[in-house]
Amino acid sequence: MKDQYLLEKAKALFPKLLETTAVPTETIEPIQEGQAVCAKSAPHYKERALRNGEKVFLDFGNHLTGYLTIRMASEGAHPDAPVWLKVRFAERLDEFFEDAAAYQGWISKSWIQEEQIHIDVLPAEYSFERRFAFRYVEIEVLDISSKFALVITDAQCRAVSSADDDALLPYQAKEERFSQLDRIAVRTLHECMQRVFEDGPKRDRRLWMGDLRIEALANYETYRQNNLVKQGLYLFAGDTLPDGQVSANMFIEPEIEADDVAMFDYSLFFVAALRDYVRQTGDDEALRDLYKTAMRQIELASHRLNEEGVIADSDQLGWCFLDWNLNLNKQAGAHGVYLYALKAAMELSELYGDFEEQARLEIELEERKRDAQRVLWDDEQGVFVSGAQRQISWASQCFLILGDAVSREEGIQLLERMETRKDAEQMVTPYMYHHYVEALLYLGMEEKAKQVLMQYWGSMAEQGADTFWELYNPKAPSESPYGGTIVLSYCHAWSCAPAYFIRKYQW
Ligand code: RAM
């Protein structure tokens, strides 16, 4: 359902892309030793004469999002046939040891960053039309005539981002490890800030509601490009599903259009993201324009309440997101998100001056909290359970804590008790870990929150991350919900939590 008034305002907020030029800092050779992958230095690419089957690996020194140009020349006799090249782009070195042809997952293979090109005449300059997300580039000669060799004479990337590094708020963390995590998180955000807040510059390269909310939080502590948050909110409100539900994600090309996918929690996070934005900026225009959309999300969500007063479960895949753990039952977590959104909606209605609505929301919140206690709480085990199988998961506890379904004291005991529940469904994304850290801080468990941040994001940093990854399950590092790791994004917006928490709490 399009609203031209809101869409026009969104369009006026599209940012300018800033361009920088990056060149390779090193020529390398990636090597695999057991599970570990590292790089050793290799002869400079300009000094290599490449023949059939040979390759060079370029390292640009940091994660880039942009357009690659290579220049090439020949050595030997006059070229008597085209050069056939395969070029692979990788965010992490590990990707070079994956076989794209073996990938059979459910997300399209077309995301794999791999191209084949023919060069008919040398010397030549070739610019890739597609934008790639990478730090490393592999150029392999698939075939070349035996009469000559190929020399790569130059390579450069026109890198793009709408993040203005001159506007980045300076921050010096108290410990060097936190500074490192902050730097990586800021780079992650920088790369995802394009014409919209993308979820990841490799994949899906578009605006997702859950990602936007977290990017916005990190943005308030770093770049403060608040118009990009505003644009995101207007885009979601400017085209919704026919009943007014905010879509899970938006396309902006060839024209603005809501995806036909909606997820219970993502729609509700629109309410929280608007509340955060208004808190941050005091933007009354946005509050007036977007209030109705926010309240509609609450209303639609309430239609999912069952006769016991809790959100009804569903076996429809993807009805609610919460995390990429495919075994996760979403019912209890969804109820927690509903409570959390009710609190945000109350704050919005107060700011809007809609006191009748505020009072109604307050009653709804209190009743649904009681229902959560009555229906979802397992007294014997002292945890929340979810779905018909009464599943115990970290996600359920965290979202219900954030929704105030337990008191602070009870919440602290609950999370401590969870440490002993080895059978609980685990968290697998930095997105879910973000909510875990948020829940810890909400309960005042700051030391534990710091420890989790340091361990979880710190472990990615130890593995050489330049930007934080879409998925990281320390207990199963090569896990992928998509049926293969080659389509995973290693610069993913929802992972930029360290920049938010470290700066906000001045760690
Ligand atoms: C992934 C996207 C995005 C996320 C959705 C639910 O496919 O990359 O980050 O919001 O899942």
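**Contacts, rings and pockets in a predicted model**

Leaving aside residues up to four places away in sequence, S396 touches N329, A332, G333 and S386, where contact means heavy atoms within 4.5 Å. S396 belongs to helix α9 (residues 394-402); helices (H or I, at least four residues) and strands (E, at least two) are DSSP runs, numbered from the N terminus. With a relative accessible area of 0%, S396 is buried (under 20% relative accessible area, with exposed over 50% and partly exposed in between; 1.4 Å probe, protein chains only).

The model is predicted, and local features need pLDDT of at least 70, side-chain atom pairs count only at pLDDT 80 or more, and totals for chains, interfaces and linings use all residues. Residues are numbered from 1 along each chain as its sequence is written, and side-chain values use heavy atoms, with hydrogens and water left out.

Now to the rings. Rings of Phe, Tyr and Trp (its six-membered ring) pair if their centres lie within 6.5 Å; planes under 30 degrees apart count as stacked, over 60 as edge-to-face and the rest as tilted. This rule gives 33 aromatic pairs. One of them is the tilted pair of Y266 and Y431, at 6.1 Å centre to centre and 55° between the planes. Y266 lies in helix α5 (residues 264-281) and Y431 in helix α11 (residues 430-442), so this pair ties together parts that are 165 residues apart in sequence. Y266 is buried at 1% relative accessibility, and Y431 is buried at 0%. Y431 also forms a tilted pair with W494, with 5.1 Å between centres and 35° between planes. Ring pairs join W106, W208, Y266, F321, W324, Y431, Y482 and W494 into a cluster.

What sits over the ring of W469? It is the charged end of R92, 4.1 Å from the ring centre (NZ of Lys or CZ of Arg within 6 Å of the centre and within 35 degrees of the ring normal).

Finally, the pockets. A pocket, on a 1 Å grid over the protein atoms alone, is an open set of points where a 1.4 Å probe fits, with protein on both sides within 12 Å along at least five of seven lines; lining residues have an atom within 4 Å of a point. The largest pocket has a volume of about 1,000 Å³. Its lining has 45 residues, and V261, M263, L317, G318 and W319 are the closest to its centre. Helix α5 supplies the largest share of that lining, four residues. The second largest pocket holds about 680 Å³ and is lined by 28 residues, with Q35, V37, R92, D94 and Q463 nearest its centre.

Methods
Points joined across faces, edges and corners; volume = space filled by probe spheres on them.
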